[in-house]
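The sequence and the structure are shown first.

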Amino acid sequence: MDIKVNKRQGQLLNDTIAQWQQQQLIDNQQAQQLRQSYQIISFDWKLLAVYSFWIAIACFILSVILLVADDYLIALISRLINTPASVLTITSTIIAGLLFFLGVKRRQRYPEKTISNEAMFFFGVLITAVASGFLSHTTLALHWRASVFILIPTAIYIVIGIQLRSVLVWLFALLGVGLWVLTETSYLAQDHYLFWGMNIPLRFAVVGALIIGLSASLKYNSRLLFLHEATLFVGLMYFFNALWMLTIFGNYDSLSAWSHIKQIELWGWSVAMVFITLSAIFYGIKNNNPLIRAFGIIFLLLCLYSRYFEFFWGTLHKALFFAILALSFWGIGSRAEKIWQLGNKN
């Protein structure tokens with residue numbers, strides 16, 4: 001069976017085979033056999049499928065957030081179908097369970113359809129969140145705080161993600177953890193900006209660091225190893241985004257207090273971010289971890305360019321400002337091109 005590759009992969013294979021021929025590692029007949037063992041496809045349908053499913057999932061996420069967040073809409077739906085919220089909660093919970101069950105059956109029947117199989121689990125995730133929204137309108141849960149209705153589906157996602165070995169469901173569990181931390185700490189802080197001396201960005205930096213630590217521990221558990229990379233990605237996303245926000249807002253207890261400071265007063269956070277991103281780049285290179293290396297590079301550039309805009313936007317002539325900006329990006333592009341060419345020669 002021929003292997004299907006896209007144009008870029010096909011070009012890499014062709015160049016590699018040609019180089020082997022020049023080095024006389026293979027003869028012409030072997031080279032021809034190797035070239036006939038794969039087929040270059042003109043369009044990357046797999047990539048289109050991935051993007052299509054993710055766009056569909058993103059749209060469904062937006063719809064369920066708007067649904068759950070709109071108390072009036074949920075109450076209106078309840079009135080329209082003339083069904084108590086408790087019955088809707090039980091019904092939607094059963095539907096969610098059936099969707100997860102059907103997703104498992106579909107994966108067993110079509111194991112090669114990995115993208116659509118994972119996407120099927122999303123509908124179970126969606127209805128689970130809807131069930132939690134209906135639960136908040138029942139008499140039993142009428143006085144529970146909002147964070148409970150985030151914690152319940154998050155705990156369900158954690159269990160299901162592990163039991164069904166679904167990375168997609170696990171990702172929603174980690175996103176739910178972040179949303180629960182935000183909601184719960186805001187409630188405990190009684191609507192103040194600080195919780196245990198930490199504002200929202202600093203709290204998420206701590207959450208991100210804990211999730212990164214969790215991803216490291218998953219490497220040593222053969223049963224949960226499949227969750228390692230996804231957990232690391234979410235942890236890095238939380239941590240570096242929060243760190244970048246700290247370089248802009250610092251750890252102030254209110255927007256009014258932050259608005260009276262000069263941006264130069266937050267230099268300590270910028271220095272910390274530069275040090276951390278450089279450490280991430282060094283660690284990624286040393287341990288051959290492209291994910292950590294990529295986060296380090298991206299957020300180092302983001303930090304530097306953020307400081308450039310903050311300190312020089314009002315002081316430099318705009319023509320000079322954008323000229324320097326253009327030269328810096330040209331330099332980055334030239335350097336990246338050289339690295340890419342060196343990679344192709346090896």
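Leu-227 is placed in the loop between α9 and α10, where helices (H or I, at least four residues) and strands (E, at least two) are DSSP runs numbered from the N terminus. The model is a predicted one, in which local features need pLDDT of at least 70 and side-chain atom pairs count only at pLDDT 80 or more, whereas totals for chains, interfaces and linings use all residues. Residues are numbered from 1 along each chain as its sequence is written, and side-chain values use heavy atoms, with hydrogens and water left out.

With a relative accessibility of 0%, Leu-227 counts as buried; buried means under 20% relative accessible area, exposed over 50%, and partly exposed in between (1.4 Å probe, protein chains only). Leaving aside neighbours within four places in sequence, Leu-227 is in contact with Ile-162, Ser-166, Val-167, Trp-170 and Leu-218, a contact being heavy atoms within 4.5 Å.

## The chain as a whole

The secondary structure of the protein chain comes to 14 helices and two strands, and of its 346 residues 34% count as buried. Among the contacts with a separation of 6 or more, residues 24 or more positions apart account for 61%. The accessible surface of the chain comes to about 21,800 Å², of which 68% belongs to carbon and sulfur atoms; accessible areas come from the Shrake-Rupley method with a 1.4 Å probe, and for residues only the protein chains shown count as cover.

## Two nonpolar cores

A nonpolar core is a set of buried Ala, Val, Leu, Ile, Met, Phe, Trp, Tyr and Cys residues joined through side-chain atoms within 4.5 Å. The largest such core has 31 residues, and those with the most contacts inside it are Leu-227, Leu-236, Tyr-238, Phe-240 and Phe-295. At least two residues of this core are supplied by each of α8, α9 (200-218), α10 (228-249), α12 (267-286) and α13 (290-312), and α10 gives the most, with 10 residues. A second, separate core has 14 residues, including Phe-122, Leu-126, Tyr-157 and Phe-172.

Within the listed residues of the largest core, Phe-240 touches Met-273, Ile-276, Thr-277, Ala-280, Phe-295 and Phe-299, when residues up to four places away in sequence are not counted. Ser-270, which is placed in helix α12, is buried with a relative accessible area of 9%.

Helix α6 has 22 residues and reaches 32 Å from its first C-alpha to its last, close to the 32 Å expected at 1.5 Å a residue, the expected span being 1.5 Å times one less than the number of residues. This helix is mostly covered, as 18 of its 22 residues are buried.

Helix α8 (residues 167-188) also has 22 residues and reaches 31 Å from its first C-alpha to its last, close to the 32 Å expected at 1.5 Å a residue. Its buried residues include Trp-170, Phe-172, Gly-176, Gly-178, Val-181 and Glu-184. Just after α8, Gln-190 takes a positive phi of about 55 degrees.

## One salt bridge

The structure holds one salt bridge, defined as a side-chain nitrogen of Lys or Arg within 4 Å of a carboxyl oxygen of Asp or Glu. Arg-145 forms this bridge with Glu-184, the closest N and O atoms being 2.8 Å apart. Because Arg-145 lies in the loop between α6 and α7 and Glu-184 in helix α8, the pair ties together parts that are 39 residues apart in sequence. Arg-145 is partly exposed, with a relative accessible area of 33%, whereas Glu-184 is buried, with a relative accessible area of 10%.

Leu-140, Trp-144, Ile-152 and Ile-156 make a nonpolar surface patch of about 370 Å². Patches are made of residues with over 30% relative accessible area and no salt bridge, with like charges joined within 9 Å and nonpolar side chains (Val, Leu, Ile, Met, Phe, Trp, Tyr) within 5 Å. Trp-144 is placed in the loop between α6 (114-135) and α7 (148-163), and at 38% relative accessibility Trp-144 counts as partly exposed.
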